[in-house]
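Please have the sequence and the 3D view ready before reading on.

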Amino acid sequence: MNSKQILDGPALLQKIRRIAFQIFENNFEEKEIIIAGIVGEGFTLAQLLCQNILEISSIKAQAVAIQLNKDVPYESPVQFDCDKSIFEDKVIIVVDDVLNTGRTFSYSLAPFLSMHVKKIQVAVVVDRNYRKFPISADYIGYQMSTTLSEHVEVVLSDKSRLGVYLR
């Protein structure tokens with residue numbers, strides 16, 4: 001299957017840095033924020049955002065992994081790699097590589113509804129604009145409309161292929 005590179009490594013890292021600045025600008029009064037990334041490239045994005053936020057601000061940014069089955073998210077509970085108490089009274093930024101229908105985000109946000117958090121925001125590298133669930137991103141690196149048959153792949157964890165690809 002042919003794949004076309006939409007963003008190369010430096011352009012992708014620049015988009016992530018811009019998202020980090022936007023997160024800082026909208027949360028500059030916070031002492032600590034949680035960046036919760038959906039396992040896979042979403043968690044890698046969370047780690048990169050934390051690194052950037054720590055470089056540009058005095059906000060303590062902590063990356064947390066959200067574990068769920070993306071294919072059948074309703075069949076197993078959403079889990080975190082930390083104790084849920086760290087979310088109490090904090091700003092939570094839930095991140096993933098691509099926002100397509102909003103289904104994965106809908107399920108990943110559900111556990112936060114039973115917690116006392118200050119604010120929940122959503123960040124993505126690529127927004128594809130195919131909503132089936134009422135989810136919108138607060139922070140978007142790149143917005144693109146694609147056909148339903150096309151696949152967008154964000155590569156963050158493989159430095160030799162770093163970029164955004166359309167197949």
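This is a predicted model: local features need pLDDT of at least 70, side-chain atom pairs count only at pLDDT 80 or more; totals for chains, interfaces and linings use all residues.

A search of the whole structure finds 3 aromatic pairs, and among them are the two described here, F80 with F112 and F87 with F112.

**The pair F80 and F112**
- The rings of F80 and F112 form a tilted pair, with 5.4 Å from centre to centre and 55° between the planes.
- This pair links distant parts of the chain, since F80 belongs to strand β4 (residues 79-80) while F112 lies in the loop between α3 (103-109) and β6 (119-127), 32 residues apart.
- F80 has a relative accessible area of 12% and is therefore buried, because buried means under 20%.
- F112 also counts as buried, because its relative accessibility is 1%.

**The pair F87 and F112**
- The rings of F87 and F112 form an edge-to-face pair, in which the centres are 5.1 Å apart and the angle between the planes is 85°.
- Here too the pair links distant parts of the chain: F87 is in the loop between β4 and β5 (91-99), F112 is in the loop between α3 and β6, and the two are 25 residues apart.
- Both partners of this pair, F87 and F112, are buried.

**The cluster**
- Taken together, F80, F87 and F112 form one aromatic cluster, and F112 is paired with F80 as well as with F87.

**A charge over a ring**
- The charged end of R161 sits over the ring of Y165, at 5.0 Å from the centre of that ring.

Notes:
Residues are numbered from 1 along each chain as its sequence is written. Side-chain values use heavy atoms; hydrogens and water are left out. Rings of Phe, Tyr and Trp (its six-membered ring) pair if their centres lie within 6.5 Å; planes under 30 degrees apart count as stacked, over 60 as edge-to-face and the rest as tilted. Helices (H or I, at least four residues) and strands (E, at least two) are DSSP runs, numbered from the N terminus. Buried means under 20% relative accessible area, exposed over 50%, partly exposed in between (1.4 Å probe, protein chains only). A charge sits over a ring if NZ of Lys or CZ of Arg is within 6 Å of the ring centre and within 35 degrees of the ring normal.
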